Amino acid sequence: MEHKLNNFKADLYNVFVEGNANGIQLARVFVVLAIPVALICFIGLHSVKY
């Protein structure tokens with residue numbers, strides 16, 4: 001489990017700080033960040049009453 005967390009931290013660093021990530025790193029970061037953001041948006045839109 002610690003190895004996976006270290007890989008994810010390295011992926012985040014390569015994507016956002018250095019900017020030299022490969023396609024697999026970009027996909028990992030996108031999936032991990034896109035799902036929670038999408039859920040928050042859907043819940044927020046659902047709570048808006050017209």
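Helices here are DSSP runs of H or I with at least four residues, numbered from the N terminus. By that reading, Val 37 is found in helix 2. Please keep in mind that this is a predicted model. Here are some exercises to work through with the structure open.

**Exercise 1. Find out how the span of helix 1 compares with the expected span.**

Step one: take the ends. Helix 1 runs over residues 2-18, which makes 17 residues.

Step two: compare the spans. From its first C-alpha to its last, helix 1 reaches 23 Å, close to the 24 Å expected at 1.5 Å a residue.

Step three: look just past the end.

**Exercise 2. Work out which residues of helix 1 are buried, and what they pack against.**

Step one: apply the cut-off. A residue is buried under 20% relative accessible area and exposed over 50%, with partly exposed in between.

Step two: list the residues. In helix 1, Asp 11, Asn 14 and Val 15 are the buried ones. Looking down the axis of helix 1, these buried residues fall within an arc of 90°, so they line one face of the helix.

Step three: turn to the other side of helix 1, where Glu 2, Lys 9, Phe 16 and Val 17 are exposed.

Step four: find the partner. The buried residues of helix 1 pack against helix 2 (23-47).

**Exercise 3. Take Asn 14 and describe its surroundings.**

Asn 14 lies in helix 1, and it counts as buried because its relative accessible area is 17%.

Step two: collect the contacts. With neighbours within four places in sequence left aside, Asn 14 touches Gly 19, Asn 20, Ala 21 and Gln 25.

Ile 24 is found in helix 2, and at 54% relative accessibility Ile 24 counts as exposed. Ile 24 and Asn 14 are ten residues apart in sequence, and their C-alpha atoms are 11 Å apart in space.

**Exercise 4. Locate the salt bridge and say which parts of the chain it links.**

Step one: count. With a Lys or Arg side-chain nitrogen required within 4 Å of an Asp or Glu carboxyl oxygen, the count comes to one salt bridge.

Step two: name the pair. The side chains of Asp 11 and Arg 28 meet at 3.0 Å, N to O. This pair links distant parts of the chain, with Asp 11 in helix 1 and Arg 28 in helix 2, 17 residues apart.

Step three: check the cover on each partner. Asp 11 has 4% relative accessibility and so counts as buried, while Arg 28 is partly exposed at 42%.

How values were computed
Residues numbered from 1 in each chain as written. Predicted model: local features only at pLDDT ≥ 70, side-chain atom pairs only at ≥ 80, totals over all residues. Heavy atoms only, no water. Helix = DSSP H or I, 4+ residues; strand = E, 2+ residues; numbered from the N terminus. Expected span 1.5 Å × (residues − 1). Buried < 20%, exposed > 50% of the residue type's maximum accessible area, 1.4 Å probe, protein only. Arc of directions from axis to C-beta. Contact = heavy atoms within 4.5 Å.
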